[in-house]
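Visitor: I would like to go through this model with you and ask, for each term you use, what stands behind it.

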Amino acid sequence: MSDRAAFLRRWRGTAYDKAERNCWWLAALAQAELFGQALPAADPALVADVRARAETMGTHPARAEWREIPAPVDGALVLMGKVAGAETHCGVFLDQDGGLILHTDERHGVVLDPPLELAAARRWRLTYLIPA
């Protein structure tokens, strides 16, 4: 596991790239480097197909290795979408500065956003998961 401040300095502001630097890439990188958790590799085809992404995120066998929690804790995987079980975006909750979600998107690149602001801006339901 690495130093969180150095990790954030290195990646914050990095431009989004659908094929290589998407939300799953960042969540997997943060989980591995900051929390010692491995996430499965993502199929690059899912980036372009929102419906397939929602289906995969909701039904992937690896999801059984994580359990949903009602409130975020440091390192929780955050799945985001309009409907629970059909999420299309992800990030990692960091318990700092009042709680922030590390994620990346096309418009902003790698950013830290407060959960309530992120949920309100996109009208997303946030689902917090930790290893089972």
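**Ile101 and its surroundings**

Guide: Leaving aside residues up to four places away in sequence, Ile101 touches Val78, Met80, Gly91, Val92, Phe93, Val111, Leu112, Asp113, Pro115, Leu118, Leu126 and Tyr128, where contact means heavy atoms within 4.5 Å. This is a predicted model, in which local features need pLDDT of at least 70 and side-chain atom pairs count only at pLDDT 80 or more, while totals for chains, interfaces and linings use all residues. Residues are numbered from 1 along each chain as its sequence is written, and side-chain values use heavy atoms, with hydrogens and water left out.

Visitor: Why is Ile101 called buried?

Guide: Buried means under 20% relative accessible area, exposed over 50% and partly exposed in between, with a 1.4 Å probe and protein chains only. Ile101 has a relative accessible area of 0%, and therefore counts as buried.

Visitor: In which strand does Ile101 lie, and what makes that strand largely enclosed?

Guide: Ile101 lies in S4, a strand being a DSSP run of E with at least two residues, whereas a helix is a run of H or I with at least four, both numbered from the N terminus. Six of the six residues of S4 (residues 100-105) are buried, so this strand is largely enclosed by the rest of the structure.

Visitor: What makes S3 and S4 a pair?

Guide: Two strands pair if DSSP finds at least two bridges between them; S3 (residues 89-94) and S4 have three bridges, in the antiparallel sense. Within this pairing Phe93 stands opposite Ile101, and the two strands form a hairpin with five residues between them.

Visitor: How many bridges join S4 and S5?

Guide: S4 and S5 (residues 109-113) pair over five bridges, again in the antiparallel sense. Thr104 stands opposite Val110 in S5, and this hairpin has three residues between its strands.

Visitor: Why is Asp97 called exposed, and what is its phi?

Guide: Asp97, in the loop between S3 and S4, has a relative accessible area of 68%, and is therefore exposed. Its phi is positive, about 50°, although Asp97 is not a glycine.

Visitor: Where is Arg123, and why is Arg123 called exposed?

Guide: Arg123 is in the loop between helix H5 (115-122) and strand S6 (125-131). The relative accessible area of Arg123 is 70%, so this residue is exposed; its phi, near 55°, is a positive value in a residue other than glycine.

**The whole chain**

Visitor: How do you know that the radius of gyration agrees with that of a compact globule?

Guide: The radius is taken over C-alpha atoms, and the globule rule is 2.2 Å times the number of residues to the power 0.38. With 132 residues, a compact globule would have a value near 14 Å, and the protein chain has 13 Å, which agrees. Along its principal axes the C-alpha trace spans about 35 × 30 × 30 Å, and buried residues make up 46% of the chain.

Visitor: What is the pattern of the secondary structure along the sequence?

Guide: The protein chain follows α-α-α-α-β-β-β-β-β-α-β, which comes to five helices and six strands.
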